[in-house]
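Let's walk through this structure together, one piece at a time. Have the sequence and the 3D view ready, and follow along as we go.

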Amino acid sequence: MNAYAAMKQYQTVNVNAQVSEANPHRLIQMLLEGGLQRIAQAKGAMQYKNIPLKGELIGKSMGIVSGLRGALDTEKGGEVAANLDSLYAYMLQRLTTANLKNDPAMLDEVAALLRDVKEGWDGIGQH
């Protein structure tokens, strides 16, 4: 096993351990962090013209945003959940367009929006 494969296996075990011990609030934080990481990696792949990797990473980012959107409780969350639903739908549209147009600025826009959501979510956990 090469060093890269060993590192990936360790990361998978580490993430699985964190998920099994995480409360629901922490799981959402982990999704937000993962989305930001995948977007940053996709931007790097875009800049290095690695189109297959860019597409894979944007796809993973979209899966994470879709997961966040699917986790919304619109009955209990009311207007906040409805606003987040719209925001996540917008992010998905921008990620799709960024992938099609190879536009790193659109990835930056989605990352900034995701960071804003994460900051708000992190603030909830401190109370």
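Before counting anything, we need one term: a contact means that heavy atoms lie within 4.5 Å. In this protein chain, residues 24 or more positions apart account for 57% of the contacts with a separation of 6 or more.

A quick word on what you are looking at. This is a predicted model, where local features need pLDDT of at least 70 and side-chain atom pairs count only at pLDDT 80 or more, while totals for chains, interfaces and linings use all residues. Residues are numbered from 1 along each chain as its sequence is written, and side-chain values use heavy atoms, with hydrogens and water left out.

Now for the layout. Of the 127 residues, 28% are buried. Buried here means under 20% relative accessible area, exposed means over 50%, and partly exposed is in between (1.4 Å probe, protein chains only).

Where might you look for a buried residue? Ser61 counts as buried because its relative accessible area is 1%. Leaving aside residues up to four places away in sequence, Ser61 touches Gly35, Arg38, Ile39 and Leu95. Another buried residue is Met30, at 14% relative accessibility, and Met30 lies in helix 2. Met30 and Ile64 are 34 residues apart along the chain, and their C-alpha atoms are separated by 10.0 Å.

Next, the charged pairs. How many salt bridges does a search of the whole structure find? The search finds seven, a salt bridge being a side-chain nitrogen of Lys or Arg within 4 Å of a carboxyl oxygen of Asp or Glu. Take the one between Asp108 and Lys43, whose closest N and O atoms are 2.9 Å apart. Asp108 sits in helix 5 and Lys43 in helix 2, so this pair ties together parts that are 65 residues apart in sequence. Both ends are partly exposed: Asp108 has 35% relative accessibility, and Lys43 has 23%.

Other bridges stay inside one helix. Lys60 and Glu56 meet in a salt bridge at 3.3 Å, N to O. They are four residues apart in helix 3, so about one helical turn separates them. Lys60 is partly exposed at 41%, and Glu56 is partly exposed at 43%. In helix 5, Asp122 and Lys118 are likewise four residues apart, about one turn of the helix, and their closest N and O atoms are 2.6 Å apart in a salt bridge. Here Lys118 is buried, with a relative accessible area of 16%. Asp122 and Lys118 also belong to a network of salt bridges that links them with Arg26 and Glu33.

Let's turn to the loops. Most residues other than glycine have a negative phi. Lys49 has a positive phi of about 60° although it is not a glycine, and its place is in the loop between helix 2 and helix 3. At 69% relative accessibility, Lys49 counts as exposed. Asn102 also has a positive phi, near 55°, and sits in the loop between helix 4 and helix 5. Asn102 is partly exposed, at 33% relative accessibility.

Last stop: a pocket. On a 1 Å grid over the protein atoms alone, a pocket is an open set of points where a 1.4 Å probe fits, with protein on both sides within 12 Å along at least five of seven lines, and lining residues have an atom within 4 Å of a point. About 340 Å³ of space lies in the second largest pocket, a volume being the space filled by probe spheres set on the points, which are joined across faces, edges and corners. It has 16 lining residues, and the closest to its centre are Ala71, Leu72, Asp73, Leu84 and Trp121. Helix 2 (24–47), helix 4 (74–101) and helix 5 (104–125) each give two or more residues to this lining, with helix 4 giving the most, six residues. The lining divides into 12 nonpolar, two polar and two charged residues; Ala, Val, Leu, Ile, Met, Phe, Trp, Tyr, Cys and Pro count as nonpolar, Asp, Glu, Lys and Arg as charged, and the others, Gly among them, as polar.
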